[in-house]
Amino acid sequence: MLHTFEIGGEYLALDVNSGALHSFYKLAYDICKLLTPPLTKETPEILYNLEYDKNEVKLAYSELYSLYEQKLLFSPDFIVDLPKNSVIPIKALCLHVAHDCNMRCGYCFADAGEYCGKREIMAPEVGMKAIDFLIEHSAKIENLEVDFFGGEPLMAMDTVKAVTEYGKKRAAEAGKHINFTLTTNGALLDDETIEYLDREMFNLVLSVDGRKSVNDFMRRFPEGGSTYDKIMPQFKKLAEMRQQNGKSYYVRGTFTAKNLDFSSDVFHLADCGFEEISVEPVALENNHPLAIKEEMLPRIYKEYEKLAIELAKRKSSGDKINFFHFNVDLEAGPCVYKRVKGCGAGCEYLAVTPPGALFPCHQFAGMDNYKLGNIYDGFNDESAQLRKKFKSTNIYTKPECQNCFAKFFCGGGCVAASVKYEGGDMSKCYHIGCELERKRLECALYLQAKLAE
Amino acid sequence: MKNIKTINKKTYSDTTFAGCGECRSSCQSACKTSCTVANQQCENKKRLNKDNNK
Ligand code: SF4
Ligand code: SF4
Ligand code: SF4
């Protein structure tokens with residue numbers, strides 16, 4: 001499979017099965033679009049109908065043919081045998097330490113932290129028991145992950161601290177290592193918390209949507225007042241520390257139907273001094289007033305291209321700025337197994353709610369028909385079949401993924417989005433999400449080509 | 001080549017097929033910074049490199 005596309009005057013082709021990216025002159029690009037494998041050594045007659053000099057066509061075709069012989073163009077399909085082991089090891093837990101929040105954001109899937117249930121804070125004992133559960137079920141995996149999530153996890157700081165300390169100790173005893181991540185809206189960040197998080201967290205995710213007007217429209221305090229003014233000085237402090245000590249963090253925002261000019265939000269965050277930026281499309285039911293709708297896609301594609309072109313300029317002139325969704329490592333990326341396997345929800349990744357219930361991931365938390373058990377009694381009777389179903393939902397089994405040029409970069413999309421927005425069917429793809437994923441990949445590849453110049 | 005520049009020399013088939021499961025999980029939902037598999041790093045190779053440098 002070959003995917004050809006044009007961005008910012010560049011003619012590009014991604015050879016899907018090998019992952020090779022080619023930058024073409026227009027002639028080779030035009031030829032390529034007329035070819036279907038298998039290729040012959042002889043130049044196909046039909047190419048001489050193109051309005052180019054015959055010798056030039058012949059030369060370009062011979063170059064394309066040589067890539068074909070090297071299996072870098074129209075390279076053959078391959079199938080990866082995923083291991084069929086009956087025990088699925090767990091490597092990551094999302095701990096919902098607070099089903100409560102001190103903001104009321106317009107697009108919040110967690111229902112202001114309530115997750116369709118009551119407001120609740122996870123007790124330290126539950127979190128510690130979850131660590132035991134993780135270590136017991138991690139088989140041979142050494143690098144484990146725990147994500148403090150909410151609601152707003154800083155509302156459960158005692159639990160965060162107790163679990164981190166306990167987790168470090170338990171992991172060391174077991175000859176393993178846990179990387180902790182925390183996602184916060186920043187409202188409760190004071191200097192002491194900043195210092196603690198910087199020291200203990202492997203990664204920090206800081207939620208802010210971009211420009212003050214955009215941010216404050218969506219991200220609100222129940223009592224009123226600007227969330228932007230409250231959080232930005234603290235986020236800047238934290239980001240500066242992380243940039244200095246080379247530790248990982250992201251500022252992350254969400255764009256909705258109300259700010260389709262989101263590249264301005266990305267550059268606003270860059271101009272505030274943040275180097276690691278993620279701004280991503282909201283996922284909501286189609287009838288929600290903030291939802292991204294089909295008719296907005298062309299506008300969003302243009303915006304992504306604009307962002308990529310400007311990023312290429314800024315990066316070439318030495319600016320340190322990374323837009324998370326355009327990060328792709330073409331040379332040292334993950335192995336094919338990882339590319340095929342996808343997000344791992346329900347399998348290697350599980351979510352734990354405040355009372356200790358287990359769900360396939362944070363997006364399923366509170367959906368009773370997806371409950372997998374709890375950390376005290378372990379997996380329930382339904383879990384085996386459900387986890388198997390999650391495991392076998394991947395780019396080889398989802399019909400739309402099989403013919404998608406982005407499959408080895410995307411890994412098969414978000415199961416939760418399929419369940420929520422595509423009528424409960426895991427094997428379907430969340431259409432809007434896929435369209436945007438494909439566009440982002442094109443832009444990411446464009447950026448790679450530009451930076452290789 | 002005159003008409004074509006290939007950007008990456010390595011391809012998937014070059015990356016050792018390992019599937020060891022040590023790399024970070026990759027959630028694509030917006031509230032988790034939408035990792036796709038492509039923007040994850042391989043922890044296995046890092047380790048191999050480290051071993052080579054010993
Ligand atoms: S760490 Fe590397 S080799 Fe192991 S599963 Fe992840 S990408 Fe594959
Ligand atoms: S973009 Fe959609 S169709 Fe393509 S691989 Fe991802 S989930 Fe599948
Ligand atoms: S199902 Fe969606 S939200 Fe859940 S872990 Fe996978 S990508 Fe993330």
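In the predicted model, helix H11 of chain A, spanning residues 383–391, has four residues in the buried class, namely Ser383(A), Leu386(A), Arg387(A) and Phe390(A). Viewed along the axis of H11(A), these buried residues fall within an arc of 95°, and they therefore line one face of the helix. The face turned away from this buried side carries Ala384(A), Gln385(A) and Lys388(A), which are exposed. The cover over the buried residues of H11(A) includes strand S16 (378–379) and helix H14 (415–421) of chain A.

The domain assignment of chain A gives domain 1, residues 2–78, and domain 2, residues 92–326. Taken over C-alpha atoms, the centres of domain 1 and domain 2 of chain A are separated by 42 Å.

The largest nonpolar core comprises 137 residues. Within this core, the residues with the most contacts are Leu95(A), Phe148(A), Phe274(A), Tyr304(A) and Phe326(A). Helix H15 of chain A (residues 431–451) supplies the largest share of the core, 10 residues. Both domain 1 (2–78) and domain 2 (92–326) of chain A give residues to this core, so it lies between them. In soluble globular proteins, nonpolar side chains tend to be buried together. The surroundings of Leu95(A) were examined individually. When neighbours within four places in sequence are left aside, Leu95(A) is in contact with Met122(A), Gly127(A), Ala130(A), Val146(A), Asp147(A), Phe148(A), Phe149(A), Val163(A) and Val352(A).

Apart from neighbours within four places in sequence, Arg440(A) is in contact with Pro281(A), Tyr304(A), His325(A) and Phe326(A). Of these partners, Tyr304(A) and Phe326(A) are listed among the residues with the most contacts inside the largest nonpolar core.

Ligand 2 is surrounded by Glu400(A), Cys401(A), Cys404(A), Lys407(A), Cys410(A), Gly412(A), Gly413(A), Cys429(A), Cys434(A), Glu437(A) and Arg438(A). Two or more residues of this shell come from each of helix H12 (399–402), helix H13 (407–410) and H15 of chain A. The contribution of H15(A) is the greatest, with 3 residues. By class, the shell around ligand 2 divides into 5 nonpolar, 2 polar and 4 charged residues.

Definitions and conventions:
Residues numbered from 1 in each chain as written. Chains lettered and ligands numbered in written order. Predicted model: local features only at pLDDT ≥ 70, side-chain atom pairs only at ≥ 80, totals over all residues. Heavy atoms only, no water. Core = buried A, V, L, I, M, F, W, Y, C linked by side-chain atoms within 4.5 Å. Buried < 20%, exposed > 50% of the residue type's maximum accessible area, 1.4 Å probe, protein only. Domains from an automatic or database assignment. Contact = heavy atoms within 4.5 Å. Near = heavy atom within 4 Å. Nonpolar A, V, L, I, M, F, W, Y, C, P; charged D, E, K, R; others polar. Arc of directions from axis to C-beta.
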